[in-house]
Each structure stands twice: as structure tokens, then as C-alpha cells.
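Have a look at it first, then read on.

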Amino acid sequence: MAMGDRAQGRARPRKAAPTARLPEVRLPPLRPYEGPGPEPDGDYDGLDFTEADLSGRSGRGGRFMDCLIRRCALDETRLSRARFMDCVLDGVRGVGTDLAEATLRDVEVRDARLGGTQLHGAVLDRVLVSGGKIDYLNLREARLKDVTFEGCVLSEADFGGTVLERVVFRDCALRRVDFTAARMTDVDLRAAAELDIARGVERLSGAVVSPAQLLDLAAAFAAHIGVRVEAPFG
């Protein structure tokens, strides 16, 4: 066999599976937070917000660095354009939390129970969302890089127009998710426990799915390109 023939028959190397860098949060000794709640453009460094009721408060444009926000109520809390760096949000709960255009860098979100959270236009870089349940998460036009969703439930999350780069969904349930106009690079959906795409199945270019997931999505792909699937006669 000629060398060219051998080279032609050689198997191509498989592309490495997408991975996301995890945050490395090492909180320093913290001081307990004793204020009534965050204020617009406030500066919060090295604070422990354990079991604070932040409902209805406005920390718009605030800066949170090396903070622990644990078991806090965040109902209607306004944190748009806030910056969270090297922070842990553990067991937070609330409805209507506003984090529009916020920046989360090196952040862990653990066991959150949230509904209607607004993160549209936000920037997430090296973020781990682990456990918990988030309903109606709005991530429209957000930018996600090195983000891992692990062991959580995302019900009717909206990724419309979102840019996702090195994003991993592991052991989590995606229910009625919307990927309309999303742009993906190295997005790993293979280990998702549930993958139910309501809209935007055609935007999966740049993602990797498992063979079983591909079969589950076949009907949606066929509908998108106008193929009818019917049983044969006879």
C-alpha cells in the first residue's frame, strides 16, 4: 500500500471533549455583615451575609468581593450591574431577583431556589451552579464562558441570543429550554440528565450531544427542516 493510501485510511484523531474551567474560590476570614442591606454602588469586601433578609433592597452597581451570601432571601432584590468576584452564594432563595447586566467572575452558586431571576445581558466567567432549582431564568443576550451547571434543575430557562463558550451541563435537568439565536462554542450537553429544548434546536452548532440525545432530538430536527416523519403504508 502506498504511503498516501495508508495516510488516507488512517483514523482522524478525536477532538477533545469540551471542558470548562471551574472557579477557585478560597474565602478569607469573613466579618459578619450587620447593615440593613446592600445600597446602590456599595462596596462589600470580605463579608458574611448569612441569613440576611435582602428582599426588596437595591444594591444596583454594587461590588462584592470575597463574600459569602448564605441562606439569604432575595425576593425582588435589585442587583443589576453589580459585580461579584470570588464569592459563594449558598442556599439563596427568592423570586424576581434582578441581576441584569451583572458580572459574576469566579463565583459558586450552591443549592439556590430561585424563580424569575433576571440575568439578561450579564457576564458569567468561571461560574459553577451546583444543585438547587431555578425556574424561568432569563439569560437573554448574556455571555457565558467557563460555566458549569451541575446537579441542578433549570425549568424554562431562556438563553435567547446568549453567547456560550466552554459551558458544561452535568447531571442537570434542562426543561423547556429556549436556545433561540444562541451562539455556542464547545458546549457539552452529553451528561445532562434531561434535555428538553422548546425552541432553538437549530442553534446547537458548536455543542456536543450523546447518541441517545440525538435520537431524542431527531423529531425536533426534522420539524425544523420541514421533514415529515410518518409510518410506511402496508
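**A look around the chain**

Q: Which strand does Arg183 lie in?
A: This is a predicted model, and its protein chain has two helices and 16 strands. Arg183 belongs to the strand spanning residues 183-188, and that's E14.

Q: Is Arg183 buried, partly exposed or exposed?
A: Buried would need under 20% relative accessible area, and exposed would need over 50%. Arg183 comes in at 48% relative accessibility, so it counts as partly exposed.

Q: Which residues form a positive surface patch?
A: Arg183 is one of the members. The whole patch is made up of Arg143, Lys145, Arg183 and Arg203.

Q: Is Leu174 buried or exposed?
A: Leu174 sits in strand E13, which covers residues 173-178. Anything under 20% relative accessible area is called buried. Leu174 has 0% relative accessibility, so it counts as buried.

Q: Which residues is Leu174 in contact with, leaving aside neighbours within four places in sequence?
A: A contact here takes heavy atoms within 4.5 Å. With those sequence neighbours set aside, Leu174 touches Leu154, Phe169, Leu189, Glu194, Leu195 and Asp196.

Q: How far apart in space are Leu174 and Asp196, C-alpha to C-alpha?
A: Asp196 is among the contacts of Leu174. In sequence the two are 22 residues apart, but C-alpha to C-alpha the spacing of Leu174 and Asp196 is 5.8 Å.

Q: How far apart do the centres of the positive and negative side chains lie?
A: The protein chain carries 34 positive and 37 negative side chains. The centres of these two sets are separated by 5 Å.

Key. Residues numbered from 1 in each chain as written. Predicted model: local features only at pLDDT ≥ 70, side-chain atom pairs only at ≥ 80, totals over all residues. Heavy atoms only, no water. Helix = DSSP H or I, 4+ residues; strand = E, 2+ residues; numbered from the N terminus. Buried < 20%, exposed > 50% of the residue type's maximum accessible area, 1.4 Å probe, protein only. Patch = residues over 30% accessible without salt bridge, like charges linked within 9 Å, V, L, I, M, F, W, Y side chains within 5 Å. Areas by Shrake-Rupley, 256 points an atom, 1.4 Å probe, with all protein chains shown as cover. Salt bridge = Lys/Arg side-chain N within 4 Å of Asp/Glu carboxyl O. Lys, Arg positive; Asp, Glu negative; His and termini not counted. Charge placed at Lys NZ, Arg CZ, Asp CG, Glu CD.
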